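Please study the sequence and the structure before reading each solution.

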Amino acid sequence: MTHPAKFSFSAAPTQLRSVLCATDLADDAPVVLGCAAQLAREHGAELHAVHVVGGTAMDTLRQWLGTASPAEQSLLDRARDDLQCALAVALGDYNVRAHAIVHAGAMADQVIATAHRVGAELLVVGAGPSAHPVRRVALGSTADRLLRRGHRPVLVARDAAQKGPSGTSITRVLVAVDFSGWSTASLTWARKVAPHAHMVLHHAWSVPFEEKLQFAGVDPATVQTHENTAQVRALSRLHGLASAHGLGPQAWTPSLVRGDAALATTQAAVDAGCSLIVLGKQGQHAAQDLLLGSVTRHVLAESKLDVLVVPQPADPSPATPSLQ
């Protein structure tokens with residue numbers, strides 16, 4: 001009889017205290033601001049909305065008039081008014097402590113600096129225009145840079161149906177699991193962001209060296225035995241992870257699929273009726289913190305749902321599960 005795997009990591013969800021929303025006040029601003037406002041309301045968190053005025057127009061203005069000119073100040077004041085109006089619409093009747101922040105400069109640099117200054121635990125950003133010609137290669141430049149450079153969880157907001165004063169709480173979350181330290185960090189943040197949601201723990205499993213076994217002419221019955229063992233082992237480890245996080249039988253559902261995790265994760269979330277996908281910045285074979293893992297990049301490019309990307313755990317080794 002196979003028993004659930006035992007994990008050495010356990011954590012209880014805690015409420016968010018500070019959320020930072022970065023918006024360029026473009027078409028997706030209502031979605032991004034609405035998502036951040038809803039999270040701030042549900043957690044009783046302080047909301048900071050930041051807009052950065054920059055680009056070619058600002059550079060040209062500074063070349064001609066220098067920094068801190070009346071024209072630049074006027075531009076910043078107008079941007080602040082626009083941000084405050086957009087924030088007021090997103091908040092509606094929500095009783096949330098909210099602040100509109102406007103800076104000039106490079107978007108990613110200013111957002112990261114603002115997050116540090118206000119002590120933001122979570123960043124909420126948009127994915128950029130849906131018609132972006134290279135969407136399958138990269139997100140909008142701001143989201144992509146924040147995901148690469150930041151050390152805070154980043155929520156990429158897309159699902160407009162869930163946003164705004166009339167939006168509903170997140171009820172089902174898919175957490176992509178590969179049984180590394182990233183998995184425990186992802187589940188911890190999933191429960192922190194959506195503490196009352198049903199968790200769908202999703203894992204794409206495979207048989208080690210399956211192609212080599214088939215090429216070597218190993219008996220199909222033997223290969224099938226390995227397949228059954230791999231599936232049972234994966235399910236056992238899912239139960240162990242859920243148990244370590246204090247999830248009872250009614251609080252989570254296993255999702256096992258055989259094959260490529262990059263291809264299966266987004267569809268699994270849709271099939272399970274989830275509105276949020278949570279996954280690590282990289283998988284267990286990540287080499288550099290500056291890079292996004294292939295599964296993460298694929299999900300960000302393909303998913304129409306919100307995606308929460310969790311950074312590398314501060315000390316991943318103790319959180320890495322092991323079978324006993």
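**Exercise 1.** Is Arg80 buried, partly exposed or exposed?

*Solution.* The model is a predicted one, in which local features need pLDDT of at least 70, side-chain atom pairs count only at pLDDT 80 or more, and totals for chains, interfaces and linings use all residues. Residues are numbered from 1 along each chain as its sequence is written, and side-chain values use heavy atoms, with hydrogens and water left out.

Step 1. Recall the classes: buried means under 20% relative accessible area, exposed means over 50%, and partly exposed lies in between (1.4 Å probe, protein chains only).

Step 2. Arg80 has a relative accessible area of 26% and is therefore partly exposed.

**Exercise 2.** With which residue does Asp77 form a salt bridge, and in which helix do both residues lie?

*Solution.* Step 1. A salt bridge is a side-chain nitrogen of Lys or Arg within 4 Å of a carboxyl oxygen of Asp or Glu.

Step 1. The partner of Asp77 is Arg80, with the closest N and O atoms 3.3 Å apart.

Step 2. Both residues belong to helix α3 (residues 70-91), where they are 3 residues apart, about one turn of the helix. Helices are DSSP runs (H or I, at least four residues), numbered from the N terminus.

Step 3. Asp77, at a relative accessible area of 33%, is partly exposed.

**Exercise 3.** Which parts of the chain does the pair Arg149 and Asp109 link?

*Solution.* Step 1. The side chains of Arg149 and Asp109 meet in a salt bridge of 2.7 Å, N to O.

Step 1. This pair links distant parts of the chain: Arg149 is in helix α5 (residues 141-149) and Asp109 in helix α4 (residues 107-118), 40 residues apart.

Step 2. Arg149 is partly exposed at 40%, and Asp109 is partly exposed at 38%.

**Exercise 4.** How many salt bridges does the structure hold, and which residues are linked in a network?

*Solution.* Step 1. The structure holds 5 salt bridges.

Step 1. Arg17, Glu121 and Lys192 are linked in a network of salt bridges.

Step 2. A further pair is Arg41 with Glu42, whose closest N and O atoms are 3.8 Å apart.

**Exercise 5.** At roughly what angle do the axes of helices α9 and α10 cross?

*Solution.* Step 1. Axes are lines fitted to C-alpha atoms, for helices over the stretch in contact, and angles run from 0 to 180 degrees between N-to-C directions.

Step 1. The axes of α9 (residues 261-271) and α10 (residues 294-302) come within 8 Å and cross at roughly 40 degrees.

Key: Helix = DSSP H or I, 4+ residues; strand = E, 2+ residues; numbered from the N terminus.
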